[in-house]
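Work through the following exercises with the coordinates open, and try each task before reading its solution.

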Amino acid sequence: MEGSPKRRRGADTIEMQAPSTNEAVRRHLLENLRSDQGKFAAVATVNDYYMSLARVVRDRLMRRWTSTARTYFEKGSRTVVYLSAEFLIGPQLGNNLINLGIYQDTQSTLMELGLSLDDLLEQEPEPGLGNGGLGRLAACYMDSLSTLQIPAIGYGIRYEFGIFSQAIRDGWQIETTDKWLKYGNPWEIAHTDAAFDVFLGGHTTRVIDNQGHNRVQWNPERVVTGIAYDIPVLGYGVNTANVLRLWKAEAAESFDFQAFNVGDYYRAVDQKVFSENITKVLYPNDEPAVGKELRLEQQYFLVSCSLQDLIRIYLQREKTLDRFHEKYAVQLNDTHPALAVAELMRLLVDVHGMEWEKAWFVTTRTMSYTNHTLLPEALETYSLSLFQRLLPRHLEIIYEINQRFLSDVRAHYPGDDALLSRLSLFEESGEKKVRMANLACVGSHAINGVAELHSDLLKTTVLSDFYRLSPDKFTNVTNGVTPRRFMLLSNPELAHLITDTIGDTWPKNLEELKKLEALADDTSFCGKWVMVKLARKRLLAEKIKALTDQDLDCWSLFDVQTKRIHEYKRQILNILHVLTLYNRIKQGDSRAVRPRTFIFGGKAAPGYFMAKLIIKLINSVAELVNHDPEVNKFIRVIFFPDFNVKNAHLIYPAADLSEQISTAGMEASGTGNMKFSMNGALTIGTLDGANIEIRNAVGAENFFTFGLTVEEVARLKSEGYNPRAIYEQNRELHEAMNLIGSGRLSPSNNSLFHPLLNSLLDHDHFMVLADYPLYIECQEKVSNLWHEPKEWTRMSILNVARMGIFSSDRAIKEYCQNIWHVEPVPVELDIIQPLATI
């Protein structure tokens, strides 16, 4: 409990009784309303109260943050550095209240003031600093690093406009600007003193330094300045508050007075606009060349600012950079920050005068690399011409790294030119390109996948040559998610039931959920479990009613697939099942159809035509199903727009069935599968990504498994897969696909969905038709079990009880032990000295 210490007035000491948390929050809130918002209660808006409460909470964070920083400085703590182009952190207010342990006190205080905490939480915008799983994983890991008291810094980009907001118009995705900073961000602290120049373009020259050594000097065409904005990340039930430092781009010289004086007003601010574009928007559509260039600028801007900052911090205590790798463990979250390898070499060699061999030793022992994809096309490459124009010095460094690396490979594997070609940091066929994944592999001392299957496939597919070369580099760390956000915050009813049953220590030790296994057949507990799920379904149904005007049957099975829209994630397989049920009902065969609500959600990349067409198809099927009275009493279809962390708080707890149906071997891990299971949903899924480990953990009998395995997919493709033959031979599949192609779903354009159908019939790269019969058969098992609520509830409880190993805390412990070699550093709060009374 936080209160005021003793106060001194002259020689007299006045004992002050510390106010209760409720009273302290109330006083602070009303003071902030007056002093920060300039409002009094009668005219204050809900947003004014949100901003005031956010600052109440931030002030409590700041004491923990400064105490944490002081502790790390004094102890010289080895520190984890998480470099990620995305941090999908989600709304901060609720999570910070949970981690401070004052959520309920704050809720009751607001009620006394006639306010609703739910209303204030709803005011907070979604910081859209990520596309999906990659960015959300980074945010979960920051939460766990603080909770486990691991010294850490997260580095990212402060995108002015995050991932687009999604609207649905006439069934199509419409992208609108994500103005998450419109009213300011009360959680961030700008540090204009932490500013670094980032060079772009120009050319290099050879010079002799003051010690008579040959050095390379980069003469840039332009200079951009990176400004630090810090967000404290508090751990749960501890004093540790690590920092997420986001960089904003500004012009080194933002106003050209000479241009202004001669009347060229646009050129006067040209550099400001040009520079700030770098952090203007999350991941531009990189299909056109200009988008590719901006993306490379963003990635370099991130790593340059971050590494310069790390060197600044390091030199506060040390005189040389020889032991930089002993201070920092830098984790590259996918290939986006892979330029950190070349940039650290540049800083060590060109700026700080370190010899190449020593700099390479330091760099490779500092860096480690997490791979997140098995799709070769997702391994980033950039053209040589773009690199030469934008990062001329880095291209030289990469050439040198490549030459030394390939010489070493050639010595061990003489005459194997094909191996050298595959391992090279440069793609030589066609347009010459720099391979970012290869750079990350060569420059890191550890490489990990994010699920057991994914890590095994890395060794045999996209990174097989690197594994052959350095098998000891490779390891697996299966992803995890934080139970603080995705159970305590998003599902308070379930959290309270669990706490009332097994105690309150499980959020920091999720393995304690195993105690629930003994209650899976307890009638009273099962009854409470069902009512918790029903309460969450009703909340989601209310939101869907407001968004779509659809009334949902909350006793129906909520069948949910919410994730990024992509062909390999196979939302279209789900839709084929919906149309199969539709056809059965229309043909009079509704006996085995159990009431079911299909809920889809997810965003398509703006330049990804097929994904946007899938969204249109889902909405067209929804229109058909929901407006047919013969059908809608059995099934309904909903597309939940603008799926993000905030909306996920509603969706995960309400799901009965989790659709994890990607083609085997395509999904690296997935984390949505974990969030659904933690909240009591059963999973229907393929043996892909972390599905396999979830199935092993909860028991195969508590998981609906279907589909081809990785080996079966490969064998079928090698033998000559013929999707059209499956279409011709399977009556229900034939009817469902014909319905899509008939024009009934698109009366104004009969051929609208033909690109999807042609892709399935001619290629079906993601084996949708091959898995269709197995999927339909498995879905019938789902329907049959839903008709046995006692058994369904038992399986739901066992799913939650056995999800402990999927906490992000477990993943971070594995990183700390196997890759980073970092130990916890407990933090004691600084004693606040009261100001002298005048």
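This is a predicted model: local features need pLDDT of at least 70, side-chain atom pairs count only at pLDDT 80 or more; totals for chains, interfaces and linings use all residues.

**Exercise 1.** Determine how helix H1 and helix H4 are oriented to each other, and which residues make the contact.

*Solution.* Begin with the axes: those of H1 (residues 21–35) and H4 (residues 103–112) come within 9 Å and cross at roughly 60 degrees. Angles of 65 to 115 degrees would count as roughly perpendicular and those under 35 degrees as roughly parallel, and H1 and H4 are therefore oblique to each other. The handedness comes next, and H1 passes H4 in a right-handed crossing. Finally, list the residues: Thr 21, Asn 22, Val 25, Arg 26 and Leu 29 on the H1 side meet Asp 105, Thr 106, Ser 108, Thr 109, Leu 110 and Glu 112 on the H4 side. By class, the residues of this contact divide into 3 nonpolar, 5 polar and 3 charged.

**Exercise 2.** Find the salt-bridge partner of Arg 26, and state how far apart the closest N and O atoms are.

*Solution.* Arg 26 pairs with Glu 23, and their closest N and O atoms are 3.1 Å apart. Because the two residues are 3 residues apart in helix H1, Arg 26 and Glu 23 are separated by about one helical turn.

**Exercise 3.** Locate the parts of the chain that are tied together by the salt bridges Lys 586 to Glu 630 and Asp 642 to Lys 603.

*Solution.* The side chains of Lys 586 and Glu 630 meet at 2.9 Å, N to O. Lys 586 lies in helix H23 and Glu 630 in the loop between helix H24 and strand S21, so this pair ties together parts that are 44 residues apart in sequence. Lys 586 is partly exposed at 36%, and Glu 630 is partly exposed at 35%.

In the second pair, the side chains of Asp 642 and Lys 603 meet at 3.0 Å, N to O. Asp 642 lies in the loop between S21 and helix H25, and Lys 603 in the loop between strand S20 and H24, so the parts tied together are 39 residues apart in sequence. Both Asp 642 and Lys 603 are buried.

**Exercise 4.** Identify the buried residues of helix H13 and name elements that cover them.

*Solution.* Within H13 (residues 356–366), the buried residues are Trp 356, Ala 359, Val 362, Thr 363, Thr 364 and Thr 366. Their cover includes helices H11, H12, H15 and H17, together with strands S12 and S13.

Methods
Residues are numbered from 1 along each chain as its sequence is written. Side-chain values use heavy atoms; hydrogens and water are left out. Buried means under 20% relative accessible area, exposed over 50%, partly exposed in between (1.4 Å probe, protein chains only). Helices (H or I, at least four residues) and strands (E, at least two) are DSSP runs, numbered from the N terminus. Contact means heavy atoms within 4.5 Å. Axes are lines fitted to C-alpha atoms, for helices over the stretch in contact, and angles run from 0 to 180 degrees between N-to-C directions. Angles under 35 degrees count as roughly parallel, over 145 as roughly antiparallel, 65 to 115 as roughly perpendicular and the rest as oblique. A crossing is left-handed if the near helix is turned anticlockwise from the far one by less than a right angle, and right-handed if clockwise. Ala, Val, Leu, Ile, Met, Phe, Trp, Tyr, Cys and Pro count as nonpolar, Asp, Glu, Lys and Arg as charged, and the others, Gly among them, as polar. A salt bridge is a side-chain nitrogen of Lys or Arg within 4 Å of a carboxyl oxygen of Asp or Glu.
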